[in-house]
Amino acid sequence: MAPQVLPRIRVLLASGVSAALVAVFPQAAGAADGRSGGPRVLTVAVSQSVDSLSPFLAQRLVATTIHRLIYETLTNHDVKDGRPIPGLATSWRSSPSKLTWTYTIRANTSWSDGRPVTADDAAWTFNKMLTDPDAATANGSFTANFRRVTAPDPRTLVIELRKPQATMAALDVPIVPRHVWEKVGDFAKFNNDRTFPIVGNGPFVMTDFKVDQWVRLKPNKGFWRGAPRFDELVLRYYKDGDAGVAALRKGEVSFVQGLTPAQAAALRKTAGIRVNDAPGRRFFALAVNPGARAKDGTAFGNGHRALRDPAVRRALFQAVDRRAIVDKVFQGHAVAGEGYIPPRFAAYFWRPGAAQRIAYDPRKAAALLDRAGYRRDGAGRRLGKDGRALSFRILCHATDPNDKAVGQYLQEWWGGLGIGLTVNCLDNVSDPWGKGDYDLAFDGWSVNPDPDFVLSIHTCGALPATPGDTGATDNFICDRRFDELYARQSGEYDPVRRAELVRRMQSRLYDTDYLQVLAYPNAVEAYRTDHIASITTMPEAAGNIWGQDGYWSWWSAEPADGSGVTDQASATTVMSWMGAVAGLGAVLALIVGVRRRATADDRE
C-alpha cells in the first residue's frame, strides 16, 4: 500500500467509516464476545424474509415470532401443554351469558419508553381493528365478533361480544402502545420499520432492522418475568440454508432451523453442536387455486379453469404418494399428512377413515380422468375440455429444498397421467399468490394450541373485499358448509363438542380437494453448545425451539461459558477487517449499496 494512502484510511476510520464497516460486517462488533468477556450475543440464522414489522399486517412466522418477543398478548400459552396462562392480563372472567369478558391488566408494567401499560392500550388496539379494515389484516378473525371494547379504568378491560366466542382466553393479538400507534395514518402502508428502538412491552426491545440482513433485539430490563439472559438477540438472514449451516459450524451463528435430513445427519457428527429433532406444529400442504375471487364476487387471477373440476383435483391427489414424500424427501423426519391439524395437537387431530382416505392409486386417477372426459391424445398428453393439453403451474418457495424436491416427484407422478407441470420457484411467492396468478402452490402454516386462526383463513369472510384489497384468506376457499361448521365451533365452549366440530371441518376441507396436507414435518434444528448452555423447548418434552407459541426459547436461553462468537469466528472477523482495509474502495461501494437496499421498498 502506498504510504500516502495510510493517513487517508486513518481519517476515514476516525470519521465514522468504522461504524459503517460494522454495519456491513456485524460480526466484527461481536468479535469480543464470549471468552473475551464482551457482550453475549445469541445469533439465529433465518431464511424467511420479514413481510412486515407491523403486528397488524404480519403473517409470516419470522415476523410473528418477532412480535411475540416485543409485544405482550392478553394471555400466553403454557410451555408445558399450551393451555392459556396469564400474560398482560393476570385474570379473566366471563358473564353468565358468555357475551361479556372482563380482563384484569397487570399492574406496574411499563412500555420500553417508560410510559405505563394500561387497559386503554389494549382497548385502543382492539378498537382500531374494529374500525379500520387494514388494521384487521393479520388478526381480524379474533375481533370480528366483538361488539364493543372499553377500559373503565387503567387495570380493567371489558370486551362485549355479539355471540359467544370460544377463543377469548387465546386472543393472539399483540397489544401495542396507543401513544405511539395513534399517530399512524395509513395502516395498510405503515410497516413499523423506520424508527428504532420500537416501543414494546415484551421480553425484548427491537433496536435495528435491515431488510433481508438482520433483526437486532436487546433485553427489556423491565420485563415483569425477568430480563432475558443474553445481552443481544440477532436474527440473521441467509437465503441459502447451506450458508446458515456453514455459519453455525464456524461459530458465526448460535442456532439454525429448517435443517434438511442431510444437514442434520452431518451436524450430529460435529462436536459442540446439538441437533433437536421433534414433532413440529406445522403442516406441509398442496393448495389448489379454486378460482380467486373477492367478497364482492369479482373473479380475478389466471388460475387454470380445469382445477375447478372436482374430478381433476381428486385425480391429481390420487397420484400423490405421501409415503414416498416422507421417506424420500423428509427421509423419515416427518409424518404422512392426513387431516389439517398436526397430530401434536391430539385433541383436534383428525384422520380419514378407509372409505374416505385418498390413497395413492395412479390407475384409479387415470380412470377418473377418462370418465370425466379428459382423454389422451396420440402423444399420451391429457387433453382439457377445450382440446388443449393439460399443463399446470405450481408456486414453489426458492429457499425451500422440500418444495423443489416434491415438485420433481409431482412432475413424474402427474406426467404419468399425461399432465404437464411447471415448477415456478420464486423468492417472492406472495405477489402472484395474492393476485390469484397460480394454479397450485406449496402451502404451510404453524398451528397454535387453539386452531381457530388457521381454520378462519379458509372461510368466505377471509376473502379480500375487492380484487385490489388484501384479505386474510390463505387460498381463496369459500365453502358454505365449512363456514357453518366454523361458526359453530367458534361459539362452542364445551371442549369435547368443539373438538368434534373442528374434526368435522377438517373432514369437509379434505373432501373439497382444495388443500391436501402431504406431511407434518418435524422441527429439525441445531445449536452450538459453546454458545447456548440450555434452552426451553415447547412443549418441554420433545418440543421445538424455533417458532413457539410464545417467547419461551429465547427468553429462557442460558449463555454458555464461551457464549457468543467463537475463536474461529473471531479469526474470520479479523480476516474480514483485513480484507476490508485492503479493498477499502470496494467496501465503500458496498456500504453505499447496502444503504440503498436498506432504504428501498423491496419487501415482499
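Visitor: Before we start, when do two strands count as paired here?
Guide: Two strands pair if DSSP finds at least two bridges between them. Keep in mind that this is a predicted model.

Visitor: Fine. Which strand does β17 pair with, and in what sense?
Guide: Strand β17, residues 440-443, pairs with β13 in the antiparallel sense, over four bridges. Within that pairing, D443 of β17 is the bridge partner of A285.

Visitor: And what about β13 and β18, how many bridges there?
Guide: Four bridges, again antiparallel, with β18 covering residues 515-528. In β18, A519 stands opposite F284.

Visitor: How many residues of β13 are buried?
Guide: Five of the five, residues 284-288, so the strand is largely enclosed by the rest of the structure.

Visitor: Which residues sit on which side?
Guide: F284, L286 and V288 are on one side, A285 and A287 on the other, and they are all buried, so both faces are covered. In a regular strand the side chains alternate between the two faces of the sheet.

Visitor: Switching to β5. What does it pair with?
Guide: Strand β5, residues 100-105, is joined to β4, residues 89-94, by five bridges, and the two run antiparallel. Five bridges also join β5 to β7, residues 156-161, again antiparallel.

Visitor: Which residues face each other across those pairs?
Guide: W92 stands opposite Y103 of β5. On the β7 side, I159 is the bridge partner of W101.

Visitor: What's in the hairpin turn of β4 and β5?
Guide: There are five residues between the strands, and K98 takes a positive phi near 65°.

Visitor: Now the core. Which residues touch the most other members of the largest nonpolar one?
Guide: L74, F126, L157, I159, Y340 and W554, out of 96 residues in that core.

Visitor: What is L157 in contact with?
Guide: Leaving aside neighbours within four places in sequence, the contacts of L157 include L74, W101, Y103, I105, F126 and V149. A second, separate core has 42 residues, among them A311, L316, L368 and L518.

Visitor: Which residues of α7 are buried?
Guide: In α7, residues 261-268, the buried ones are P261, Q263, A264 and L267. They span an arc of only 160° around the axis, which puts them on the same side of the helix.

Visitor: What covers them?
Guide: The cover of the buried α7 residues includes α6 (241-250), β12 (273-279), α9 (322-329) and β18.

Visitor: Where is S254, and is it buried or exposed?
Guide: S254 is in the loop between α6 and β11 (255-257). At 1% relative accessibility, S254 counts as buried.

Visitor: What does S254 touch?
Guide: Beyond four places in sequence, S254 touches V41, L42, T43, L248, A526, Y527, R528, H531 and I532. With H531 there is a side-chain polar contact of 2.9 Å. The C-alpha atoms of S254 and T43 are separated by 5.1 Å, although the two residues are 211 residues apart along the chain.

Visitor: And D479, where does that one lie?
Guide: D479 lies in the loop between α13 (452-456) and α14 (480-490). D479 is buried, with a relative accessible area of 11%.

Visitor: Which residues does D479 touch?
Guide: C460, R508 and T512, not counting residues up to four places away in sequence. The side chains of D479 and R508 are joined by a polar contact of 2.8 Å.

Visitor: Last topic, salt bridges. How many are there in the whole structure?
Guide: A search of the whole structure finds 26. One of the links is a network that takes in D78, D81 and R83.

Visitor: What does D132 pair with, and is D132 buried or exposed?
Guide: D132 forms a salt bridge with K128, the closest N and O atoms being 3.6 Å apart. D132 counts as buried, at 13% relative accessibility.

Visitor: What about R178 and E182?
Guide: Their side chains meet in a salt bridge at 3.1 Å, N to O. R178 is partly exposed, at 30% relative accessible area, and E182 is partly exposed at 42%.

Visitor: And E492, which residue does that one meet?
Guide: E492 meets R497 in a salt bridge, 3.5 Å from N to O. E492 is buried, with a relative accessible area of 18%, and the cut-off for buried is under 20%.

Notes
Residues are numbered from 1 along each chain as its sequence is written. This is a predicted model: local features need pLDDT of at least 70, side-chain atom pairs count only at pLDDT 80 or more; totals for chains, interfaces and linings use all residues. Side-chain values use heavy atoms; hydrogens and water are left out. A salt bridge is a side-chain nitrogen of Lys or Arg within 4 Å of a carboxyl oxygen of Asp or Glu. Buried means under 20% relative accessible area, exposed over 50%, partly exposed in between (1.4 Å probe, protein chains only). A polar contact is a pair of N or O atoms within 3.5 Å; within protein, one must be able to donate a hydrogen and the other to accept it, and residues adjacent in sequence count only if both atoms are side-chain atoms. Contact means heavy atoms within 4.5 Å. A nonpolar core is a set of buried Ala, Val, Leu, Ile, Met, Phe, Trp, Tyr and Cys residues joined through side-chain atoms within 4.5 Å. The arc is that of the directions from the helix axis to the C-beta atoms.
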